[in-house]
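Visitor: I am new to this structure, and I would like to learn how to read it step by step. Could you show it to me first?

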Amino acid sequence: MKQFLVFIRKEFFHVFRDRRTLLIMFGLPVAQIVLFGFALTSEVKDITLTVIDQSGDVNTQQLIRKIKSSSYFIVNETSVDYNEIEDAFKKGTAKSALIFPPNFGNDLQHGGKAQLQLLTDGSDPNTAKTVINYITAITTAYQQQISPGPRLPYTIVTESRMLYNEEGNGSLNFIPGVMALVLMIVCTALTSVSVVREKELGTMEILLVSPFKPLLVLIAKAIPYLILSLANFILILVLAVFVLDVGIKGSIVLLFLESMLFIITCLSLGLMISNTTNSQQTALLLSMMGMMIPTMIFTGFMFPLENMPKPFQIISNVIPSRWYFLIVKSVMLKGLGFSYIWKETLVLLGMTTVALTIALKNFKTRLS
Amino acid sequence: MEEKVIVCKDLTKRFGDFYAVNKISFEVNKGEIFGFLGANGAGKTTAMRILCGLSYPTSGEATVAGFNVYKQTEAIKKNIGYMSQKFSLYENLTVLENIEFFGGVYGVPSAEIRKRSDNLVQKLGLTAEAKKLVGSLPLGWKQKLAFSVAIFHQPRIVFLDEPTGGVDPVTRRQFWDMIYEAAATGITIFVTTHYMDEAEYCNRVTIMVDGKVEALDSPANLKAQFKANNMDEVFYQLARGAKRSGD
C-alpha cells in the first residue's frame, strides 16, 4: 500500500511540474465555458434596427417606443433616406430595417389597415428569422392594444413554454456538452500520454523490473487523473452555476457518481490507447483526433443527432460522451432520477469493461 | 566453494524460428563483476531480460539469487537492481524525490530512506543539488545517481545495461570506482558494455555471438587464449564471424 501511495505522489509531481498538462487540464474548461457561454451563443440580442419613419405620427412613435423598450433591439433612428437603404445593407451598416410609409397612422386610423416594411439580411438567416419573429410579435401586441373593439368571435391563443428552460438560457445545452468534451480530452489524452511517456523515456522498464505489480502501475497512473478530473468537473459545475446561471435541478450526488463513471470510462480508453501505442505523438494524435472530433460531432450538443443521416446516428452510439451528455442533461437540467438514466449508465459501464479488458490484455502480452 | 548467485543452464529464448538466445550456460559468483559483451543483436539484452524476470525463457534452466526464472519472478525482482542504457530516473523529479520514489517502490522503510539518502547525497557531493530537478544535472552525474538508486535497496545483484553510454572518460572511471565499491560490499554486478577498456575492469567476461556464449573467462586468460594484446582484439576475433548484426 505504501508503494502505491509513493507512486501516486510521484504522478502528482509529474502533473504539477508540467505546465502544459496543467494548462490543458484547467485552462481548457475555463476557455470552453467562456467561449460557449459568451462568444458562441445562438441567442439573438441587441440587434441594430434601422428605423425609417416617413410618417412620424402618434402610432409610429408608439410602436417605435415599444420596440425600443424590448431588450432585443438597439433602434437607430438616423435619417437614412429610403433610397439609400440598400446601400446601407451592402455596406453592412444596416442588418435590419423597419420602414413606415408616409401616412402610416392615417391609413391605420381611417382605413383600418396599414403596411410597414421589414428588411432583414438574409445572408444570416438565423438572425433574420429571429428579427422577423420579434417584430411580428411586437406589432401584433400593439395592434391588440389599440383595437379595444369587439374581439373576433374565435381566437386561438398559443401559450408556449420551454420546459426545463423557461428563461431560454442558451447555456443550458452546451454545459453538459462541455463537461463531456473536457472530461473526455483531459482523461483520455493525458492518461494515455502519461503511460506512453514512461515507455519512451525507458522508465517503464525500470518499473517493470521493480517488485511493483504491473497492474498497479496502470491503476496508480490513472488515479491522479481521476482525482484531477473530479476537481475539473467541480470547476465546470461552479462556473456553470455562478457564471452562466445554470441551475442544478437534480441530485448532485447522482451527477457526481455518474461523472465519476464517465471519467473512469475515459481513463480506460486512455489506458487502452497507451497500451497499443509506443510514442507520445501517436497517443496524443489518437486521443485527440480519435476522441475529440467524434466527441464534438456525435455528442449532440453542437449538431442535433436527430437530424443526422441514419449511419451517423448509428456511429454516434459508440461515442461514450453521447451517453454521458444524455445523463447530465437528464439529471442536471431536468432533475430526473436514476430510474430514467439506468440504460445510459449501463452502456457506459459496458464500454468501460471493454476498454479496460483490451488495455489489460495488451499490457500483459508486452511482458512475456 | 563460492556462492553462486546466477546459474544458467542451456537457457534458450526463441521467437518463431529465431533463436535470440541459444543454449547459454554460465554461473556468476557472489560479489563478482561479470561482464556481458556482444555486438548489437547478439542476444545480450534478451538474456538480461530473462534474468530480470521481464521475459520467460523458451527452454533451459536459470536461477537468480536462488529463485527460478519461470516461477519466482516476483522474488527475483525484490532481490535485484536494474539500470538501463536509457536514462532511468525521472527528469522532472528532484534528486531526493527520485531516491524516495525508488526506495518506496522497493519497500525500503521511510526512516531508512531518509537516513540512506542523506548519506548518498553527501557521498555523491550533490548536497547543493538535492532539491534540484534531475533534468538539470549533467549526464555523468545522472548516471552516477542512477547507479546509486539502482543499489539503494541493497539488492543482491545489480544488472547494468550499457550504463556508461555517452559518458566522458573521467566520469566513466569514477563510475567504475562506484561499481568496485558496490562489489566490495557483496553486491554482484552483471554489466553489459560496448567499451572494451571497461571489459578489462571485469573479473570475468562473457562474449556472446549470434545468441551463443563463445568465450567465458577472466580478461587476462582470454587475452592469453586468443593471443591478443587487449580485449578489443579478442572481441574482434570472435565477433567478426557473426552472421547477425543490428538490433
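Guide: We will go through the domains, the annotated spans, the helix packing and the contact between the chains.

Guide: This is a predicted model, in which local features need pLDDT of at least 70 and side-chain atom pairs count only at pLDDT 80 or more, while totals for chains, interfaces and linings use all residues. Residues are numbered from 1 along each chain as its sequence is written, and chains are lettered from A and ligands numbered from 1 in the order in which they are written.

Visitor: Which domains does the assignment give for chain A?

Guide: Domain bounds come from an automatic or database domain assignment. In chain A, domain 1 is made of 11-40 + 168-367, and domain 2 covers 47-146. Taken over C-alpha atoms, the centres of domain 1 of chain A and domain 2 of chain A are 49 Å apart.

Visitor: Which residues of chain A does UniProt list as "transmembrane region"?

Guide: UniProt positions are given in the numbering used here, with shortened feature names, and annotations may be inferred rather than shown by experiment. The unreviewed UniProt entry lists several such spans in chain A, among them residues 174-196 and 216-244. Helices (H or I, at least four residues) and strands (E, at least two) are DSSP runs, numbered from the N terminus. Residues 174-196 of chain A are 100% helix and 0% strand, with end C-alpha atoms 32 Å apart, and residues 216-244 of chain A are 93% helix and 0% strand, with end C-alpha atoms 40 Å apart.

Visitor: At what angle do helix α9 and helix α10 of chain A pack?

Guide: Axes are lines fitted to C-alpha atoms, for helices over the stretch in contact, and angles run from 0 to 180 degrees between N-to-C directions. Helix α9 (residues 214-242) and helix α10 (residues 252-276) of chain A pack at about 140°, and their axes are 10 Å apart. That angle makes α9(A) oblique to α10(A), since angles under 35 degrees count as roughly parallel, over 145 as roughly antiparallel, 65 to 115 as roughly perpendicular and the rest as oblique.

Visitor: Which residues make the contact of α9(A) with α10(A)?

Guide: Two residues are in contact if their C-beta atoms, placed from the backbone, lie within 7 Å. Here the residues include Y225(A) and F233(A) of α9(A), together with M260(A) and I263(A) of α10(A). By class, the contact of α9(A) with α10(A) has 10 nonpolar residues, 2 polar and no charged, where Ala, Val, Leu, Ile, Met, Phe, Trp, Tyr, Cys and Pro count as nonpolar, Asp, Glu, Lys and Arg as charged, and the others, Gly among them, as polar.

Visitor: How do α2(A) and α9(A) lie to each other, roughly parallel or oblique?

Guide: Helix α2 (residues 19-39) of chain A packs against α9(A) at an angle of about 25°, with the axes 10 Å apart, and the two helices are therefore roughly parallel to each other. In this contact, M25(A), F26(A), P29(A), V30(A) and I33(A) of α2(A) meet L228(A), N232(A), L235(A), I236(A) and L239(A) of α9(A). The contact of α2(A) with α9(A) holds 9 nonpolar residues, 1 polar and no charged.

Visitor: How many residues does the contact take from chain B and from chain A?

Guide: The contact takes 21 residues from chain B and 21 residues from chain A. On the side of chain B that touches chain A, α2 (73-79) and α3 (95-105) of chain B each supply at least two residues, and α3(B) gives the most, with 4 residues. That side of chain B has 10 nonpolar, 6 polar and 5 charged residues.
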